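Please examine the sequence and the three-dimensional structure shown below.

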Amino acid sequence: MAGRINDDDVKAVRDAVPIDSVVSEYLQLKNAGGGNLKGLCPFHDEKSPSFQVSPSKGLFHCFGCQEGGDTLAFVMKIDHLTFSETVERLAAKAGITLRYEEGGYNPSHQRGERIRLIEAHQAAAKFYVEQLDGPEAEIGRKFLAERGFDQAAAAHFGVGYSPAGWDHLTRYLRGKGFSDKELITSGLSQDGRRGPIDRFRGRLMWPISDTAGEIVGFGARKLRDDDNGPKYLNTPETPVYKKSQVLYGIDLAKKDIAKASRAVVVEGYTDVMACHLAGVTTAIATCGTAFGNDHIKILRRLLMDNGSARVIFTFDGDAAGQKAALRAFEDDQKFAAETYIAIAPDNMDPCDLRLVKGDDAVRDLVEPRTPLFEFALRQIVGRYDLETPAGRAAALDEAAPVVAKIKTSSVQREVAVQLAGLVGILDQEYVVHRVHQLAQWARGRGGDGGGRQGNGSKQTRPGGRHQNVAPVSIAPSGPALNLRSPAHRTERELLKLALQKPALVSPAFDAYGSDEFTAPPYAAVRECIAEAGGAEQGVAEPRDYLAAVLDATPHDSVRKLVTELAVEVFHGKSIDETYAGMQLVQVRLRAVDRRIADVNSSLARLGSQVAPDHLAAAQNEVWVLQQYAQALRSHGTDAL
């Protein structure tokens with residue numbers, strides 16, 4: 001049985017790997033103010049960034065879907081890893097050797113499945129690269145040379161060669177300690193008559209990495225005529241490889257995609273190589289499948305969907321390429337970026353274009369010129385005889401529903417006007433009205449015509465104005481958090497101070513009871529802070545404080561609220577002792593006023609039935625509380 005990872009080692013891993021460096025491997029982060037960073041959430045679809053990272057606290061939180069936690073929680077969630085697998089991966093990144101309790105450490109038995117499969121792919125990639133230098137791989141080196149790729153280019157992209165024998169790689173990986181089960185599960189080997197054999201044989205090999213740069217699969221190109229397999233053979237679906245969720249070259253291109261707010265989508269491995277070598281370092285390609293929703297999600301997180309973001313598709317100009325372009329246009333509205341299509345002269349792909357006309361031609365190719373919607377509409381309209389009324393009507397019938405899918409009304413109108421020109425209909429308003437009617441009809445049938453807002457409630461964005469009501473489903477049960485409520489807003493600010501800047505509210509905060517927080521979720525957070533030693537502990541042990549609060553949370557809902565409060569920006573302009581004092585006083589003052597109201601209400605209900613001694617005690621309590629409230633109003637924190 002796998003040993004338990006030593007607690008001190010887990011803490012060392014948490015401290016050694018900055019959360020912003022880990023998160024930025026998956027999405028682009030920008031300054032959010034207050035020392036925080038923001039980006040598009042990788043856990044749900046959104047158009048504006050509500051995902052925040054606090055490097056100083058080692059936490060993340062999404063204000064849209066409420067996911068939150070530390071570095072380990074992020075990696076576990078995004079890569080679907082177990083806790084042990086996550087610690088092992090990050091430990092390897094940080095160069096930390098882990099100690100295992102309950103027995104000795106045996107890597108072949110105790111490392112998680114995903115880690116083992118990744119290690120198998122890394123070993124296979126090294127093996128393939130070494131084989132490319134051998135005599136048998138001459139045909140592979142010739143293939144690369146004929147396409148303009150020298151030895152340095154092959155090394156840069158990790159291109160290798162799989163020997164033509166039955167089990168060269170399988171025997172090699174067995175020698176590295178991998179089991180037959182692991183080799184089959186990884187997709188590197190497959191079942192043969194007498195045991196596992198190599199899946200890839202006698203082919204040129206491209207390693208396929210995920211966004212984090214870990215090799216998860218391979219693309220293999222046929223080289224010999226006697227190879228009866230497909231031209232390209234990819235890794236099958238495995239626990240680490242999902243073809244709809246990987247983009248070839250994303251590990252090399254992601255930084256430049258984020259920096260330039262531009263991505264170039266090409267069709268093959270050699271096209272990616274050609275583009276990068278020509279200076280177009282934002283090129284990526286799908287791996288044996290159409291460009292789809294999951295690919296869009298990957299790019300959107302890197303592009304951040306800002307106004308200048310662009311996605312350029314370089315489909316071939318043949319019928320298959322045109323079909324691919326139309327399919328891409330179907331998903332166009334899932335980008336906030338502008339989308340374009342680039343088709344080279346003579347329908348050449350980027351690899352051939354570089355061979356024939358050089359690097360400059362490749363760079364010129366991807367300078368966006370034709371918007372994807374215009375290309376798609378031209379393809380549709382081009383199938384009809386526009387010289388006849390019937391032909392123009394038929395073209396409009398097919399093209400108008402496509403334009404009606406555009407969600408932004410101003411863009412929809414603009415494209416409808418252009419459609420009128422393409423079809424040759426002089427009455428532009430007729431076409432605009434027709435498209436508008438189709439859009440309304442689609443929405444009436446439940447189509448996503450207007451851009452849905454999740455569950456219909458607006459979220460309160462950190463640092464922004466409060467909008468309507470921001471419901472948060474947090475146990476224990478109670479009324480939803482209403483951030484237009486002054487009490488809830490002040491309680492929230494005070495808890496944020498206690499978590500983020502405990503020195504400003506300590507030691508006064510630790511004297512506050514959970515009953516002074518009117519919202520049950522906030523009362524639960526207050527209890528967690530108390531269990532962790534209070535704000536005073538945050539001053540004494542700032543590195544371990546938040547982790548202790550999180551450990552004290554009774555369940556995920558409270559844990560998510562803690563991470564949310566720990567990364568949310570403050571609403572005040574100057575977060576200092578004066579600001580902290582205002583929150584302390586307001587929370588206490590409202591608690592005092594509530595107690596006065598409760599006592600008076602109780603006396604009013606009892607009326608003449610109240611016992612004299614009870615009446616005197618109650619009246620005395622009210623008098624004391626009123627004096628305390630007056631002192632709080634007059635002297636602020638000095639009266640606490």
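**Aromatic pairs, cores and a sheet**

The structure holds 17 aromatic pairs, where rings of Phe, Tyr and Trp (its six-membered ring) pair if their centres lie within 6.5 Å, and planes under 30 degrees apart count as stacked, over 60 as edge-to-face and the rest as tilted. The rings of Phe51 and Phe60 are stacked, because their centres are 5.5 Å apart and their planes stand at 25°. Phe51 is buried, with a relative accessible area of 0%, and Phe60 is buried at 1%; buried means under 20% relative accessible area, exposed over 50%, and partly exposed in between (1.4 Å probe, protein chains only). The pair of Phe127 and Tyr172 is tilted, with 4.8 Å from centre to centre and 35° between the planes. Phe127 belongs to helix H6 (residues 113-131) and Tyr172 to helix H9 (residues 168-175), so this pair ties together parts that are 45 residues apart in sequence. Phe127 is buried at 7% relative accessibility, whereas Tyr172 is partly exposed at 22%. One aromatic cluster is formed by Tyr26, Phe43, Phe51, Phe60 and Phe74.

The model is predicted: local features need pLDDT of at least 70, side-chain atom pairs count only at pLDDT 80 or more, and totals for chains, interfaces and linings use all residues. Residues are numbered from 1 along each chain as its sequence is written, and side-chain values use heavy atoms, with hydrogens and water left out.

The protein chain contains 27 helices and 18 strands; helices (H or I, at least four residues) and strands (E, at least two) are DSSP runs, numbered from the N terminus. Of its 640 residues, 49% are buried. Among contacts (heavy atoms within 4.5 Å) between residues at least 6 apart in sequence, 66% join residues at least 24 apart.

What does the largest nonpolar core contain? It has 44 residues, and those with the most contacts inside it are Leu144, Val159, Leu204, Trp206 and Tyr248. Such a core is a set of buried Ala, Val, Leu, Ile, Met, Phe, Trp, Tyr and Cys residues joined through side-chain atoms within 4.5 Å. Helix H12 (residues 269-277) supplies the largest share of this core, five residues. A second, separate core has 36 residues, including Phe509, Phe517, Val525 and Tyr579. Leaving aside residues up to four places away in sequence, Leu204 touches, among others, Leu132, Phe143, Leu144, Val159 and Leu223.

Ser162 lies in strand S8 (residues 160-162) and is buried, with a relative accessible area of 0%. Beyond its neighbours within four places in sequence, Ser162 is in contact with Tyr128, Glu136, Phe200, Arg201, Gly202, Arg203 and Met205.

An open sheet of five strands runs in the order S15-S14-S16-S17-S18, with mixed pairing; two strands pair if DSSP finds at least two bridges between them. Its edge strands, S15 (283-285) and S18 (370-371), each pair on one side only. Strand S17 (residues 338-341) pairs with S18 in the antiparallel sense over two bridges, and Ile341 stands opposite Thr370 in S18.

Finally, the cysteines may be considered. A search of the whole structure finds zero disulfides, each defined as a pair of cysteine sulfur atoms within 2.5 Å. Cys41 is in no disulfide, and the nearest cysteine sulfur, that of Cys62, is 3.6 Å away. Cys41 is buried at 4% relative accessible area, and Cys287 is buried at 1%.
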